[in-house]
Amino acid sequence: MTSSARPLLNRRLAEFGTTIFAEMSALALQTGSINLGQGFPDTDGPDEVREAAVRALRDGHGNQYPPGPGIPELRGAVAAHQRRRYGLSYDPDREVLVTAGATEAIAASLLALLEPGDEVIAFEPYYDSYAACIAMAGGTRVPVTLRPDDDGFRLNLDELRDAVTDRTRLLLINSPHNPTGTVLTREELTAIAELAVERDLLVVTDEVYEHLVFDDAEHLPLATFPGMRERTVTIGSAGKSFSFTGWKVGWVTGAPDLVAAVRSAKQFLTYVASGPFQYAVAEALRLPDSYFADFRADMLAKRDLLAGGLEQAGFKVFRPAGTYFITTDIRPLGESDGFTFCRALPERCGVVAIPNAVFYDHREQGAPFVRFAFCKRTGVLEEAASRLKTLAA
């Protein structure tokens, strides 16, 4: 027990505390509720990918420290994936870096590229690690709020331009966007690219849901736009694309100087991770296009199943164009405080969700919105929809 009056947790992290995901997952266990809060699938990904990990373990591949940048097989597979899917050519040796999931990629990128006091613009609401990583790097976060309309949540480009100052160093972009499910359009991405070039900004773009876009939406990597390849750090992840979130395999692609900078920070975080799983993910990235099409179709059906159940329960539902999350408005149910609603929901009907306000600097902006994950088995979603219907009564 320390006798010092000084707080143990440094001031950069003091505002964060325990994540809402830990709280709500614990509540799900305590009440036996269906957990539609945290975004992880309840089934494994492809059998052949799992077996590739088993084979790597048995053959002694990756049981000791893998190379710091990642095994050559995975770096080559990432480069081939980017070239095949998007026409982006990256040198596997100088322009690809393997990380312990996308979260480490984000942390290493911000620690490497920011100086204390640099401003980082991010779209609010945002994945909760963004704010913590910006704080750890000594940066100042500047939120630009995605605002709801009848179709979903949209970016106001004028607000984005107005947010850029002489202290702005970096744009932190997430598309497909968690938690709203927004997928930035070609017009929006063109405007973002032009702004970054005009103001000489770096961009870190989180594209972990790249293979989960629905309806008429299209995922367009920002690095494909004019002037962006040399200033963009692109982040991908095996967890979201192959449903092996526990393996924690992510990656960074970018110009050599950017990747070298991120690697300099990353080597003092985990240094290396997920050795045998890197071999399996290298095989996963070489799966045929039919795998990604089937994966997307399965998630689309689950999106529509849960969205329909939420609508019948009385929520206003914003059907996402991407990711595996649905944002809802609880005001039609006579509610206005997402925290109070989510903490009571397990006892009311045996379902756990996440209040979107935790993803906002301006908590009042997110107060009436609640997020549900639909990356679960069909039977689980059907049972959740049935339970939620009791709210309509």
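**Salt bridges, pockets and backbone**

Author: The side chains of Arg 199 and Asp 166 form a salt bridge, with 3.7 Å from N to O. Arg 199 lies in the loop between helix H7 (186-198) and strand S8 (202-206), and Asp 166 in the loop between H6 and strand S7 (168-174), so the pair ties together parts that are 33 residues apart in sequence. This is a predicted model, in which local features need pLDDT of at least 70 and side-chain atom pairs count only at pLDDT 80 or more, while totals for chains, interfaces and linings use all residues. Residues are numbered from 1 along each chain as its sequence is written, and side-chain values use heavy atoms, with hydrogens and water left out.

Reader: What counts as a salt bridge, and how many does the count come to?

Author: Side chains of opposite charge can pair when their charged atoms come close. The rule asks for a side-chain nitrogen of Lys or Arg within 4 Å of a carboxyl oxygen of Asp or Glu. By this rule the count comes to 25 salt bridges. Among them is a network that links Asp 215, Arg 303, Asp 304, Glu 311 and Arg 319.

Reader: How are helices and strands defined?

Author: They are DSSP runs, numbered from the N terminus: helices are H or I with at least four residues, and strands are E with at least two.

Reader: Which residue meets Lys 266 in a salt bridge, and is Lys 266 buried or exposed?

Author: The partner is Glu 104, at 3.0 Å from N to O. Lys 266 belongs to helix H9 (residues 256-266) and Glu 104 to helix H4, so this pair links distant parts of the chain, 162 residues apart. The term buried means under 20% relative accessible area, exposed means over 50%, and partly exposed lies in between, with a 1.4 Å probe and protein chains only. Lys 266 is buried because its relative accessible area is 2%, and Glu 104 is buried because its value is 7%.

Reader: Which residue forms a salt bridge with Arg 147?

Author: Glu 159 does, and the closest N and O atoms are 3.2 Å apart. Arg 147 is in strand S5 (residues 147-148) and Glu 159 in helix H6 (residues 157-163), 12 residues apart. Arg 147 is partly exposed, with a relative accessible area of 34%, and Glu 159 is partly exposed at 28%.

Reader: How is a pocket found, and how much space lies in the largest pocket?

Author: Rolling a probe the size of a water molecule over the atoms shows where empty space is left. On a 1 Å grid over the protein atoms alone, a pocket is an open set of points, where a 1.4 Å probe fits, with protein on both sides within 12 Å along at least five of seven lines; lining residues have an atom within 4 Å of a point. Grid points are joined across faces, edges and corners, and a volume is the space filled by probe spheres set on the points. The largest pocket holds about 990 Å³. It is lined by 43 residues, and the closest to its centre are Thr 19, Phe 21, Tyr 127, Asp 128 and Ser 129. H5 gives the most to this lining, with five residues.

Reader: How does the lining of the largest pocket divide by class?

Author: Ala, Val, Leu, Ile, Met, Phe, Trp, Tyr, Cys and Pro count as nonpolar, Asp, Glu, Lys and Arg as charged, and the others, Gly among them, as polar. The lining of the largest pocket has 19 nonpolar, 13 polar and 11 charged residues. The second largest pocket has about 180 Å³ of space, and its 14 lining residues divide into five nonpolar, four polar and five charged.

Reader: Where is there a cis peptide bond, and which residue has a positive phi although it is not a glycine?

Author: A cis peptide bond joins Glu 124 and Pro 125, with omega about 5°. Pro 125 lies in the loop between strand S3 (119-124) and H5. The bond from Ser 175 to Pro 176 is cis as well, with omega near -5°. Asp 200 has a positive phi of about 55°, and this residue lies in the loop between H7 and S8. At a relative accessible area of 59%, Asp 200 is exposed.
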